[in-house]
Structures are given as C-alpha cells and as structure tokens.
Amino acid sequence: ASHGRWVACRVEAAHLHYWYWEVEHPVFLVVYDAQRNTAFWINVQDYLNQQNRILEREATVTLRVPSRNKLTLHAIDLFRKLSLERHNKLRSTGTDE
C-alpha cells in the first residue's frame, strides 16, 4: 500500500528476526509499487535499529519504506558499497565464513 511519503509492506516477524540476528551482511528489502511503476528499498537492520520493537510478540510487522528510497543505479551502488564495507570488516576480524 502506498501512502505518499512511504510504502507499507507487511513482513513476517520470523523473517525480520532472521535477517536482523542471523545475517551478518546488510539485508535490503525491495518493494515494487505497481501504481507508480517504481521500486523502493530499505535497509532492514537499520530500520529495525531505529524502531526499538520487540519482534517476538508479533506475527507480522508492517514496514514503512520511504518513497524517497527509489531503487536506482545509485541505490544499487550504495548496496554494493555497504556490503563490501561489511565484508571487509568481517574479514579483518576473522569472523567472515
């Protein structure tokens, strides 16, 4: 559902829990708005850090994906940059598998 400034996306809390606690690399959720013919993205871990929510109490969570986060080549370059930074940090600490 589109609300002008953001696009709502319902996600199972179990998925969010896994992406937040079990995945060491950044997880980007991409949502396609067919009415606008545009895709939007959100960094799941950063979003959850800002929300201060307890996911275990909910079966699903509605994420608000900002409409300013359009999926563009610049956004994909940002994904790559953040993923490489995380990979290099894990490699330098010896925790990357």
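Let me begin with how helices and strands are assigned here: they are DSSP runs, helices being H or I over at least four residues and strands being E over at least two, and they are numbered from the N terminus. On that basis the elements of the protein, read from the N terminus, follow the order β-α-β-β-α-β-α, which comes to three helices and four strands.

Please keep in mind that what you see is a predicted model, in which local features need pLDDT of at least 70 and side-chain atom pairs count only at pLDDT 80 or more, while totals for chains, interfaces and linings use all residues. Residues are numbered from 1 along each chain as its sequence is written, and side-chain values use heavy atoms, with hydrogens and water left out.

I will turn to the overall picture. I will call a residue buried when its relative accessible area is under 20%, exposed when it is over 50%, and partly exposed in between, with a 1.4 Å probe and protein chains only. The protein has 97 residues, and buried ones make up 32% of them. The accessible area, computed by the Shrake-Rupley method with a 1.4 Å probe and, for residues, with only the protein chains shown counting as cover, is about 6,800 Å² for the protein, and carbon and sulfur atoms supply 50% of it. Contact, in what follows, means heavy atoms within 4.5 Å; among contacts between residues at least 6 apart in sequence, 67% join residues at least 24 apart.

What lies in the interior? A nonpolar core is a set of buried Ala, Val, Leu, Ile, Met, Phe, Trp, Tyr and Cys residues joined through side-chain atoms within 4.5 Å. The largest such core has 16 residues, and those that touch the most other members are Val11, Leu16, Leu29, Val31, Val44 and Leu63. At least two residues of this core come from each of strand 1 (6-12), helix 1 (13-21), strand 2, strand 3 (38-43), helix 2 (44-51) and strand 4 (60-66). If we follow Val31 and set aside residues up to four places away in sequence, we find that Val31 touches Val7, Cys9, Thr38, Ala39, Phe40 and Val65.

Helix 2 also holds Gln45, a residue that counts as buried because its relative accessible area is 10%. Which residues does Gln45 touch, not counting those up to four places away in sequence? They are Trp19, Tyr20, Val23, His25, Pro26 and Val27, and the side chain of Gln45 reaches the backbone oxygen of Trp19 at 3.4 Å.

Arg10 and Thr60 are 50 residues apart in sequence, yet their C-alpha atoms are 6.3 Å apart in space. Beyond four places in sequence, Arg10 touches Thr60, Val61 and Thr62, and a polar contact of 2.5 Å joins the side chains of Arg10 and Thr62. By polar contact I mean a pair of N or O atoms within 3.5 Å, where, within protein, one must be able to donate a hydrogen and the other to accept it, and where residues adjacent in sequence count only if both atoms are side-chain atoms.

The other arginine, Arg64, sits in strand 4 and is partly exposed, at 47% relative accessibility. Leaving aside neighbours within four places in sequence, Arg64 is in contact with Trp6, Val7, Ile42 and Tyr47.

Next come the salt bridges, each defined as a side-chain nitrogen of Lys or Arg within 4 Å of a carboxyl oxygen of Asp or Glu. How many does the structure hold? There are two salt bridges. One joins Asp33 with Arg36, the closest N and O atoms being 3.2 Å apart; Asp33 is buried at 7% relative accessible area, whereas Arg36 is partly exposed at 30%. In the other, the side chains of Glu85 and Lys81 meet at 3.6 Å, N to O, and both residues lie in helix 3 (residues 73-93), four residues apart, about one turn of the helix.

Val30, Leu71, Leu73 and Ile76 form a nonpolar patch with about 360 Å² of accessible area together. Patches are made of residues with over 30% relative accessible area and no salt bridge, with like charges joined within 9 Å and nonpolar side chains (Val, Leu, Ile, Met, Phe, Trp, Tyr) within 5 Å.
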